[in-house]
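Please read this note with the sequence and the model side by side.

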Amino acid sequence: EVWRAALMLGDQTILKFALSEFFMTVVGIFEYDPVLGYKANYRNFLLSQSKLNEVVPIEDSSMKQNIHNLYRMKYLKDYIIRPAIDEPGIACLTSLIMYTSIDIATKMFENTTYLQKIFDVINYQKINQN
């Protein structure tokens, strides 16, 4: 309950801490959430089944980190804290997701080399389908 209340304060510093290198620890705390009534297996899923598959390799480490953080934010919002929290309680997290998504899209569109590689993959698949 303490971590849920801390995240619901809407403080970006707390959210960024929860999404940092301590993310798996925070996720582990929520596995024992009394609201659920059972022990969840969030860490097991994140470690064994959740992988970033790069169709076009991402060379920009900050963009890759933003993609990882975006996934963490969405997982935290949709699966970990959603069951017991109403929409206004996660407004800060929702806005952080939106701004991170915009930042990723902007970086992709500004990197013309990366964008060209994406279009090459799309065109290659179209040619092979015909």
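**Notes on the aromatic residues and the surface**

1. Ring pairs join Tyr-42, Phe-45, Tyr-71, Tyr-75 and Tyr-79 into a cluster. Keep in mind that this is a predicted model. A search of the whole structure gives 6 aromatic pairs.

2. Take the pair Phe-17 and Phe-22 to begin with. Their ring centres are 4.8 Å apart and their planes meet at 25°, so the pair is stacked. The label follows because planes under 30 degrees apart count as stacked. Phe-17 has a relative accessibility of 40% and counts as partly exposed. Phe-22 is also partly exposed, and its relative accessible area is 35%.

3. How are the rings of Tyr-75 and Tyr-79 arranged? Their centres lie 5.2 Å apart with the planes at 35°, so this pair is tilted. An angle under 30 degrees would count as stacked and one over 60 as edge-to-face, and the rest are called tilted. In general, a pair of aromatic rings is described by two things, the distance of the centres and the angle of the planes.

4. Both Tyr-75 and Tyr-79 belong to helix 5, which covers residues 61-81. They are 4 residues apart there, about one turn of the helix. Is each of them buried or exposed? Tyr-75, at 8% relative accessibility, counts as buried, because buried means under 20%. Tyr-79 has a relative accessible area of 53% and is exposed, since the term exposed applies over 50%. Both residues also belong to the cluster named in point 1.

5. Which residues make the nonpolar surface patch of about 320 Å²? They are Met-98, Tyr-99 and Ile-102. Met-98 sits in helix 6, residues 91-110. With 43% relative accessibility, Met-98 is classed as partly exposed.

6. Tyr-32 lies in the loop between helix 3 (23-31) and helix 4 (42-48). Its relative accessible area is 54%, so Tyr-32 is exposed. Apart from neighbours within four places in sequence, Tyr-32 is in contact with Lys-39 and Arg-43.

7. Where is Tyr-32 relative to Met-98? The two are 66 residues apart in sequence, and their C-alpha atoms are 29 Å apart in space. Met-98 is one of the residues in the patch of point 5.

Methods:
Residues numbered from 1 in each chain as written. Predicted model: local features only at pLDDT ≥ 70, side-chain atom pairs only at ≥ 80, totals over all residues. Heavy atoms only, no water. Phe/Tyr/Trp six-rings, centres within 6.5 Å; stacked < 30°, edge-to-face > 60°. Buried < 20%, exposed > 50% of the residue type's maximum accessible area, 1.4 Å probe, protein only. Helix = DSSP H or I, 4+ residues; strand = E, 2+ residues; numbered from the N terminus. Patch = residues over 30% accessible without salt bridge, like charges linked within 9 Å, V, L, I, M, F, W, Y side chains within 5 Å. Areas by Shrake-Rupley, 256 points an atom, 1.4 Å probe, with all protein chains shown as cover. Salt bridge = Lys/Arg side-chain N within 4 Å of Asp/Glu carboxyl O. Contact = heavy atoms within 4.5 Å.
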